[in-house]
Amino acid sequence: MDAKLVNPFIEAFVAVMPMLGFQPPTKKNMVVKNKYAMSRGVVVMVGFTKQLRGNVVYNMEDETARFIASTMMMGMPVPEFDAMAQSAISELSNMLSANAATNLTQMGLDVDISTPNLTIGEGFSVKISESQYLVIDMDLQGHSVEIAISVDRNF
Amino acid sequence: MIVDDSKVSRTMLANNLAKTNFEVVAMAKDAAEARSLYEEHSPDLVTMDMNLPDADGIECSRRICAIDPGAKIVMISAMKDAGLIEQGKSAGISAFLQKPVSTNDLIDTLMLLCQEKISRIAMLRESYAKPFAAALKQGILDLIGIQVDTKVELYEKKYLEVNGIAIIIGLTGTPNGRAIVYMTGDTMKTFAEKMLNEKLEDEEEAHEAAEEAANIFIGHSVSSINGIITNKEMRITPPGTFFGSGVKMTTQKLVTFKITAMTDFGDICINVGFAEGD
């Protein structure tokens, strides 16, 4: 996978989160992983097509998802990851992916994104790539959001 | 969902609706219960009484519309005047009926409010969900040589719960959405063994076979849709595979259909969802 394709996703996260009332997030680290990821509790997958094909997965703990949903809803308490909070996280994933898609367009790549697929639970693993993929751990006010990216140019 | 503080009124309405194709999913006796039951059931329609013990029907409707701006609410009250209608409309109420309501008036009003949704669902079922069922049937025949029956149902639960394997393939274009091919671990293993014509020891091989099959099912579905509806090209993303138990996938903001292929070693299913709106 081309490392240059990762930046649009990181830039999207860094640009979008402050618009929603968060302090600017920072990149903690980036690692290469093989095939499988374990769910941390809340996993959102968004697919890419056209000149870029692949998936991006936002993986976080239930507590982080509730913190994000609460901040997005002006500090409203989110004691449970309910329908409204799920909707907030799906919407966020959509915004992040659409923003990344815009960044990719500026690199000359025409892309389209699927609807986000939100999955809840801890007892499952996710395979997003036949081989290796990149995982970026983003720090968001002390919470960790893992962005797993497996995308390739489609010739 | 019926909102009415009087048990007699709730029962009468429920009895009227029992004669129709509408199903009562919840009954609330006050505004607080209405809000929480609305969140729990996301009903297609709400009938609203004006007099509730903790708030009036207009305030209750306003609270429901705050959760779901697309809520369809019919006010059924003893009084019906211009002032009430004006206030009600600004609170998000779609229609007004006067008590006692005849079954025919009630059905006509409810049907009218549902029409938009019903016709979109019918369109999605015919033009989009059915090609998935046909591709699933043909795919199973091509891959393992078995004739299966398939059925297509509207899926109205909030979650799809999977124990085993779920392969998600995103759909882009118009309409966009996602398709999930899923089955239990045992069904997957038998299916993979029939597909490869050998005993499998390694679970990963079974995953790969299931992924390959999912790609074929969904790829053929989309090709067939694109072949008929030529101005809105749909594309598919590479698969993402989830496996484990109690995997809960939300169906929020999607119109979803469950397509089941029944085999003697278990069901092979596709849950295909299309984004709401156009």
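Let's start in chain B, with helix α6 (residues 185-196) and helix α7 (residues 203-228): their axes come within 9 Å and cross at roughly 80°. Angles from 65 to 115 degrees count as roughly perpendicular, so that is the label for α6(B) against α7(B). Keep in mind that you are looking at a predicted model. On the α6(B) side, the contact is made by B:M188, B:F191, B:A192, B:M195 and B:L196, while α7(B) brings B:E203, B:A206, B:H207, B:A209, B:A210, B:E212, B:A213 and B:F217. Sort the residues of this contact by class and you get 10 nonpolar, one polar and two charged.

Now hop over to chain A for another helix pair. Helix α2 (residues 62-72) and helix α3 (residues 83-106) of chain A have axes that come within 9 Å and cross at roughly 85°. That angle makes α2(A) roughly perpendicular to α3(A). Which residues of α2(A) and α3(A) meet? From α2(A) come A:A65, A:I68, A:A69 and A:M72, and they meet A:A85, A:A88, A:I89, A:L92 and A:M95 in α3(A). The contact of α2(A) with α3(A) has nine nonpolar residues, with no polar and no charged ones.

31 residues of chain A are in contact with 37 residues of chain B. The size of an interface is often given as the accessible area lost when the parts come together. Here, the area buried between chain A and chain B is about 2600 Å², and carbon and sulfur atoms give 48% of that. In chain A, the residues that lose the most area to chain B are A:T115, A:N117 and A:K127, together 20% of what that side buries.

Polar contacts between the two chains come to 16 residue pairs, counting pairs with both residues at pLDDT 80 or more.

Over all chains, the structure holds 14 salt bridges. One pairs the side chains of A:D110 and A:K50, at 3.9 Å from N to O. A:D110 sits in the loop between α3 and β4 of chain A and A:K50 in strand β2 of chain A, so this pair ties together parts that are 60 residues apart in sequence.

Most residues other than glycine have a negative phi, and most peptide bonds are trans. In chain B, a cis peptide bond joins B:K99 and B:P100, with omega about -10°; B:P100 is in the loop between β5 (95-98) and α5 (103-144) of chain B. The bond from B:T174 to B:P175 is cis too, with omega near -5°, and B:P175 lies in the loop between β7 (159-172) and β8 (177-183) of chain B. Over in chain A, A:Q141 has a positive phi, near 50°, without being a glycine. You'll find A:Q141 in the loop between β6 and β7 (143-153) of chain A.

Conventions
Residues are numbered from 1 along each chain as its sequence is written. Chains are lettered from A and ligands numbered from 1 in the order in which they are written. This is a predicted model: local features need pLDDT of at least 70, side-chain atom pairs count only at pLDDT 80 or more; totals for chains, interfaces and linings use all residues. Side-chain values use heavy atoms; hydrogens and water are left out. Axes are lines fitted to C-alpha atoms, for helices over the stretch in contact, and angles run from 0 to 180 degrees between N-to-C directions. Helices (H or I, at least four residues) and strands (E, at least two) are DSSP runs, numbered from the N terminus. Angles under 35 degrees count as roughly parallel, over 145 as roughly antiparallel, 65 to 115 as roughly perpendicular and the rest as oblique. Contact means heavy atoms within 4.5 Å. Ala, Val, Leu, Ile, Met, Phe, Trp, Tyr, Cys and Pro count as nonpolar, Asp, Glu, Lys and Arg as charged, and the others, Gly among them, as polar. Buried area is the accessible area (1.4 Å probe) that two parts lose on being put together, summed over both. A polar contact is a pair of N or O atoms within 3.5 Å; within protein, one must be able to donate a hydrogen and the other to accept it, and residues adjacent in sequence count only if both atoms are side-chain atoms. A salt bridge is a side-chain nitrogen of Lys or Arg within 4 Å of a carboxyl oxygen of Asp or Glu.
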